[in-house]
Amino acid sequence: QKVAIIGGGITGSAACRRLSKCPDLHIHIFDQGRRGVGGRTSSRKYDVRDGNDEAATLRFDHGCQFFRADTDRFKKIVNEWIEKDYVSEWNGDFRSSIKQEHEFFGLPSTPPFYVSNDGMQTLSKNILSDASENTNVRIHAGVRVAQLNRDTVTKKWKLIGTSGEAAYHDTDEKLQEDDQRNVIGEESGYDAVILTDISSSFGGWHRASAGVPDSFSTAVRNRVGARVPLLTAMIAFDTATDIPFDAASFDHPVVWFAAKTSSKSQMKTDKECWTIVSTAAYACDKIEETPMQDPKTGEFIPQSPDYLTTVPGPDLLRAFEEIVCDKAGILGNDALTNMPKHVFMDAQRWGSALPCHRHLRHESSTRKVLSGVPYDSGLHPLAPTRIEEDSKSFLADDDLALYQAGDMMSNYTPGMEGAALSGIDAAEHLLAQLGLND
């Protein structure tokens, strides 16, 4: 029997890891990432020329900054990853100027914290590399699934999509219109499909939509309730900044968190590089100002590098400089007098960075609907990871053989731990439905 997993982030990787232990199952993963698998656990590497026209390599984790392991199940898995040298505990000078319950995933008050060695993205790559040792696992990289069609006779799902430049999330809309869509993966179709990107259940206007049946997409949207958007800026400075901490959570209207690349295991870079994470309130304001959907035509609006590096990027940098140079801020009397000039800037819009908490998905004073999508900008505890609702950690339609997994579906506290456990739980449920044993 054959299973398709749409999305190669931590949820899809964890699901594949579990399914790959069954020798009777063929598993195909489809991922549309421009830089490979990873999803929100993505990393970036840039080779640039600095202010002296010298070559410099810059590195950033521009999505998930670190992860937690609070449940016994996930602690066991993380210990296996540590033994394989996939991840390490992240230790450093961590600080906070915000209430403990509003800290960025509990940093610094609720350790331990873990990072993937050589960048967060390598964890999904390593998990899938292990799974691929089973010859029944196949990874389709740079491929976008745009439509799911179920054969009325065989009940198998055929995947329709595209590859190459037209597959990527940030490709120009004109190129998307001209792309040729064909059956991808297994020509005869798949017995079941696990979807891991919440945007798969968006309408056809969204670049990540997988064209799932309306009944299923409605159930997915109802379970999510609202999502939490974030923006990240990737900044490299020409010389050392003298900032004494490696990462910190902030009480600031624009910046929620920042981390220095070189403080993470095996993340070497030629310049001092920082990833700055916005508050959800700031991200909501920017999405409202510059929506992801054209209000007249309904077309998807890709995030433009020109916009990202002229609006949110500079905003986050200015706010960060303000934070570390303000004696009333996190450094007190040790505040910096000035910051060196930056030699590189890029930014990323994460429209679905996190789900809102389970108990807030129906009602919240900080919720707003933008382009028909509910967003929530409230601050609520993200540590430790715990079960927040007595329900499954994934959504299942066994009659359709469709499954939605990930932190957006999970009954755990939002975050990577809940996303991974959701993928594992969905995989175990599917194995039982297919009548397969390890």
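This is a predicted model: local features need pLDDT of at least 70, side-chain atom pairs count only at pLDDT 80 or more; totals for chains, interfaces and linings use all residues.
I'll begin with helix 1, which covers residues 10-19. Is this helix mostly covered or mostly open? It is mostly covered, since ten of its ten residues are buried. The buried set runs through Ile10, Thr11, Gly12, Ser13, Ala14, Ala15, Cys16, Arg17, Arg18 and Leu19. You will notice that two arginines, Arg17 and Arg18, are in that list.

Now, a partner of helix 1. Helix 9, residues 416-434, packs against helix 1 at an angle of about 35°, and the two axes are 7 Å apart. The crossing is right-handed. On the helix 1 side, the contact is made by Ile10, Thr11, Ala14, Ala15, Arg18 and Leu19. On the helix 9 side, the residues are Met416, Ala419, Ala420, Gly423, Ile424, Ala427, Glu428 and Leu431. Sorted by type, the residues of this contact come out as ten nonpolar, two polar and two charged.

Why does alanine 14 count as buried? Its relative accessibility is 6%, and buried means under 20%. Setting aside neighbours within four places in sequence, alanine 14 touches Ala420 and Ile424.

Next is helix 2, residues 72-83. Helix 2 has twelve residues and spans 17 Å from its first C-alpha to its last, close to the expected 16 Å. Which of its residues are buried? They are Phe74, Ile77, Val78 and Trp81. These four lie on the same side of helix 2, because they cover an arc of only 100° around the axis. There is a general rule behind this kind of spacing: an α-helix has 3.6 residues a turn, so residues three or four places apart point the same way. On the other side of helix 2, Asp72, Lys76 and Glu83 are exposed. As for what covers the buried residues, the list includes helix 1, strand 5, strand 7, helix 3 and helix 9.

Now the loops, starting with backbone angles. Just after helix 2, aspartate 85 has a positive phi of about 65°. Aspartate 118, in the loop between strand 7 and helix 3, has a phi of about 70° although it is not a glycine. Aspartate 118 is partly exposed, with a relative accessible area of 32%. Aspartate 242 also has a positive phi of about 70°, and its loop runs between strand 13 and strand 14. At 63% relative accessible area, aspartate 242 is exposed.

Aspartate 246 lies in the loop between strand 13 and strand 14 too. Is aspartate 246 buried or exposed? Aspartate 246 counts as buried, at 14% relative accessibility. Not counting residues up to four places away in sequence, its contacts are Gly92, Asp93, Phe94, Ala258, Ala259, Lys260, Ser263 and Trp274.

Last, the cis peptide bonds. One joins leucine 107 and proline 108, with omega at about 10°. Proline 108 is in the loop between strand 6 and strand 7. Another joins alanine 383 and proline 384, with omega at about -5°. Proline 384 is in the loop between strand 19 and strand 20.

That is the end of the tour.

Key:
Residues are numbered from 1 along each chain as its sequence is written. Side-chain values use heavy atoms; hydrogens and water are left out. Axes are lines fitted to C-alpha atoms, for helices over the stretch in contact, and angles run from 0 to 180 degrees between N-to-C directions. A crossing is left-handed if the near helix is turned anticlockwise from the far one by less than a right angle, and right-handed if clockwise. Contact means heavy atoms within 4.5 Å. Ala, Val, Leu, Ile, Met, Phe, Trp, Tyr, Cys and Pro count as nonpolar, Asp, Glu, Lys and Arg as charged, and the others, Gly among them, as polar. The expected span of a helix is 1.5 Å times one less than its number of residues. Buried means under 20% relative accessible area, exposed over 50%, partly exposed in between (1.4 Å probe, protein chains only). The arc is that of the directions from the helix axis to the C-beta atoms.
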